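Let us take the model one question at a time. Keep the structure in view while reading.

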Amino acid sequence: MSLNMLVLVKQVPDTQNVTGEAMRPDGTVNRDALPAIFNPEDLNALEEALKIKDRLGGVVTAMSMGPPKAADVVKECLYRGADKGILVSDRGFAGSDTLATSYALTCAITRLSGFDLVFCGRQAIDGDTAQVGPQVAEKLGVNQLTCVADILDISRDRIVVKRQIENGYEKLAASLPVLLTVTSEANEPRSANAKRVMGFKRIVCCEDAEGTDCWPCEPIEHIKQWDIQAIAADAERCGFSGSATWVKKIDNVVLTARETKGIENSEPGISGLINELMEEHII
Amino acid sequence: MVFIEQNDNVPADVSLELLSRARELADNLGLEVEGVALGYGLQNWLPNLGAYGCDRAYALEDERLAHFSSIPYTKGLVQIIQKHQPRFMLFGATTTGRDVAPRVASTLQCGLTADCTDLQIGDHKFKKRSYQDILLQIRPAFGGNIIATIVSPESRPSLATVREGVMKKKETHSPPTCRVIQESCPWESGDFPTEILEVVRQAKNVDLKTEKVIVSAGMGASSPESLKLVRELADLLGGEVGSSRPVVDGGFLHKEHQVGQTGTTVRPNLYIACGISGQIQHRAGMSEAKRIIAVNSDPEAPIFDIAHYGIVGDVNQVLQRMIKAYKQKL
Ligand SMILES: Cc1cc2nc3c(=O)[nH]c(=O)nc-3n(C[C@H](O)[C@H](O)[C@H](O)COP(=O)(O)OP(=O)(O)OC[C@H]3O[C@@H](n4cnc5c(N)ncnc54)[C@H](O)[C@@H]3O)c2cc1C
């Protein structure tokens with residue numbers, strides 16, 4: 001049994017560790033100054049695919065859509081154990097919302113010679129939308145299992161997962177092909193393999209106009225780079241023109257100060273505060 | 001139109017919150033509020049939604065829809081939306097709403113904004129075109145560091161998922177009943193590709209949203225001794241214990257207690273932040289409390305910027321003094 005697995009990964013600004021350099025004097029965040037990282041839950045998605053490959057064999061292809069620099073996350077996938085890498089990149093993708101992104105990714109996936117499983121992280125930390133996974137599934141016409149916290153069983157044609165829900169979980173079974181979105185609870189992602197890092201350190205992207213999925217199996221010589229033509233996408237449905245949601249305005253969150261009444265940390269001070277709150281029927 | 005999410009035939013709180021907000025928006029625009037529910041046994045409770053401002057509810061009944069499943073729910077919702085053509089379509093940003101809404105939006109090729117914290121009606125101008133009375137979808141992005149206003153004026157409907165707890169549920173005193181309209185959908189066997197083997201849902205023990213007083217523990221109050229005092233004060237004031245995220249991540253308290261962007265949004269009469277630094281993601285969930293008391297040993301802690309009362313000092317000492325002072329007044 002050998003499964004054909006695809007992992008969708010994204011490079012994102014590190015919004016979780018906003019350091020001093022990214023803070024403007026007015027207290028707002030300079031997004032361009034944030035370092036670019038591998039979207040955390042996409043690493044969990046990759047790990048699930050690699051675990052299945054370790055157990056049952058198969059081929060893991062990593063695909064990312066983004067600017068040329070996003071090749072870094074595809075490379076990282078190769079370092080950790082992915083077999084092939086594809087970067088979907090074109091200036092025409094700029095300004096894509098989730099509808100346009102899922103359209104472009106679907107066009108790219110359609111160029112591959114089929115798949116059994118598609119893995120995505122549950123959500124990306126820049127937009128936190130959790131929409132691209134289900135929208136790719138819809139466009140591919142396959143079933144979806146979202147918020148997967150554990151894969152309980154997998155065989156050639158069926159998968160059983162634990163899906164996280166509010167205050168509990170569901171145990172779901174589905175036949176393949178299926179798209180999964182994976183949460184951070186699913187696993188502890190492995191780190192890069194030193195031998196693979198040596199092997200792929202110098203790998204570069206290579207434009208590939210045909211957009212077909214035929215490599216000489218191992219070792220791969222380059223990361224394939226596909227543009228709009230290569231994935232045979234309709235340019236009107238990509239980027240801003242293909243996006244249904246538009247940003248009307250962005251407000252930086254400026255933390256405004258409130259008039260704070262200082263209470264002395266002493267028995268009389270605190271007793272006075274409790275009095276005040278009781279008189280106002282707050283407590 | 002609001003997607004009425006149900007679990008075991010109990011409507012989700014967020015759906016009722018959305019109906020209440022939809023009612024306000026609809027009244028301003030002279031529109032009606034519709035709901036759509038999928039499940040089995042909907043007749044028994046859908047008429048009650050009138051109390052939250054729902055004029056009409058479309059019901060898709062089928063035994064196989066009793067529990068949520070992506071594919072059949074998508075098919076049913078798409079059919080109802082195409083038939084009734086609502087202007088706006090709202091979902092709760094729950095694991096259900098965030099699973100089905102993107103799939104519905106993708107089928108309809110309409111815009112969807114995730115996890116909104118506010119909805120308004122307004123105008124938008126773009127390249128000489130102007131749009132009136134469209135949905136302004138307001139949401140935090142970039143880890144809460146910015147607030148974006150998103151519009152999708154070319155989409156009918158504009159779709160949005162909305163976070164639980166950010167809109168107020170309003171019950172009317174003399175509820176009109178909501179008219180229930182049975183709909184049907186041509187199901188095929190292939191529409192149910194997922195087998196639901198088991199659903200486990202623990203009863204919610206803590207519901208911070210309804211608490212009037214919340215005493216919240218941050219990393220500065222995560223020792224067993226501090227947590228005991230936090231609990232004691234909360235019980236004494238008839239409230240509940242809240243917490244920051246790292247306290248939950250560290251396993252000191254259960255996730256139900258977490259306040260903030262990825263936890264619960266609360267609006268109590270009193271919020272006592274104990275040993276909480278006051279990062280943006282925490283404030284997102286509590287800044288609208290009527291009174292905020294901050295207790296922190298660091299006088300520069302950002303929590304003091306939004307507190308009504310600030311006490312600089314060690315949490316344990318301050319908590320003990322509060323407990324003592326309150327007991328004396330009883
Ligand atoms: C995408 C995203 C979502 C997030 N969502 C949330 C969320 O929903 N909720 C949330 O809370 N956080 C959230 N966070 C995390 C948030 O950024 C902060 O890391 C977190 O709120 C800090 O928690 P804290 O204040 O308890 O801990 P710290 O920042 O470590 O602060 C501890 C405070 O305790 C004080 N202290 C220490 N000892 C004492 C003492 N003895 N007496 C008095 N004071 C003392 C210190 O001065 C300090 O101010 C999120 C982050 C990201 C990136």
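**Questions on two chains and a ligand**

Tutor: B:Pro157 is placed in a loop of chain B, between strand S10 (146-151) and strand S11 (158-162). Helices (H or I, at least four residues) and strands (E, at least two) are DSSP runs, numbered from the N terminus. Residues count from 1 along each chain as its sequence is written, while chains are lettered from A and ligands numbered from 1 in the order in which they are written. This is a predicted model, where local features need pLDDT of at least 70, side-chain atom pairs need pLDDT 80 or more, and totals for chains, interfaces and linings use all residues; side-chain values use heavy atoms, without hydrogens and water.

Student: Where in chain A is A:Pro177 placed?

Tutor: The peptide bond that leads from A:Leu176 to A:Pro177 is cis, with omega near 0 degrees. A:Pro177 belongs to the loop between strand S9 (168-175) and strand S10 (178-182) of chain A.

Student: How many helices and strands does chain A have?

Tutor: The C-alpha atoms of chain A fill a box of roughly 80 × 40 × 40 Å along the principal axes. The secondary structure of the chain comes to six helices and 14 strands.

Student: What percentage of the residues in chain A is buried?

Tutor: Buried means under 20% relative accessible area, exposed over 50%, and partly exposed in between (1.4 Å probe, protein chains only). Chain A has 283 residues, and the buried share is 54%.

Student: Is helix H2 of chain A enclosed or open?

Tutor: H2(A) covers residues 71-80, and eight of its ten residues are buried. Among them are A:Val73, A:Cys77 and A:Leu78. Just after H2(A), A:Gly81 takes a positive phi of about 135 degrees. With eight of ten residues buried, the helix is therefore largely enclosed by the rest of the structure.

Student: Is A:Ala130 buried or exposed?

Tutor: A:Ala130 lies in the loop between strand S6 (117-121) and helix H4 (132-140) of chain A. Its phi is near 60 degrees, a positive value in a residue other than glycine. At 13% relative accessibility, A:Ala130 counts as buried.

Student: What is the relative accessible area of B:Gln109?

Tutor: B:Gln109 is in the loop between helix H3 (97-108) and strand S7 (112-116) of chain B. Although not a glycine, B:Gln109 has a positive phi of about 55 degrees. B:Gln109 is partly exposed, and its relative accessible area is 45%.

Student: Which residue of chain A does B:Asn269 touch?

Tutor: B:Asn269 is in the loop between H5 and strand S16 (270-274) of chain B, and is buried at a relative accessible area of 19%. Contact means heavy atoms within 4.5 Å. Not counting residues up to four places away in sequence, B:Asn269 touches B:Lys212, B:Lys290 and B:Arg291, together with A:Ile282.

Student: What distance separates the C-alpha atoms of B:Asp13 and B:Glu164?

Tutor: B:Asp13 is in helix H1 (residues 13-29) of chain B and is partly exposed at 26% relative accessibility. Leaving aside neighbours within four places in sequence, its contacts are B:Glu164, B:Lys169, B:Asp207 and B:Lys209. B:Asp13 and B:Glu164 are 151 residues apart along the chain, and their C-alpha atoms are separated by 7.5 Å.

Student: Which chains have residues that surround the ligand?

Tutor: A residue is near a molecule if one of its heavy atoms lies within 4 Å of it. Of the 25 residues around the ligand, those that come nearest include B:Ser244 and B:Asn296. Helix H5 (245-249) and helix H6 (280-283) of chain B each supply at least two residues of the shell. The site is shared between chains, because the surrounding residues come from chains A and B.

Student: How far is a nitrogen atom of the ligand from an N or O atom in the side chain of B:Asp314?

Tutor: A polar backbone atom of B:Arg245 is 2.9 Å from an oxygen atom of the ligand, and a backbone N or O atom of B:Gln261 lies 3.0 Å from an oxygen atom of the ligand. For the side chain of B:Asp314 and the ligand nitrogen, the distance is 2.9 Å.

How values were computed:
Polar contact = N/O pair within 3.5 Å; in protein donor to acceptor, adjacent residues only side chain to side chain.
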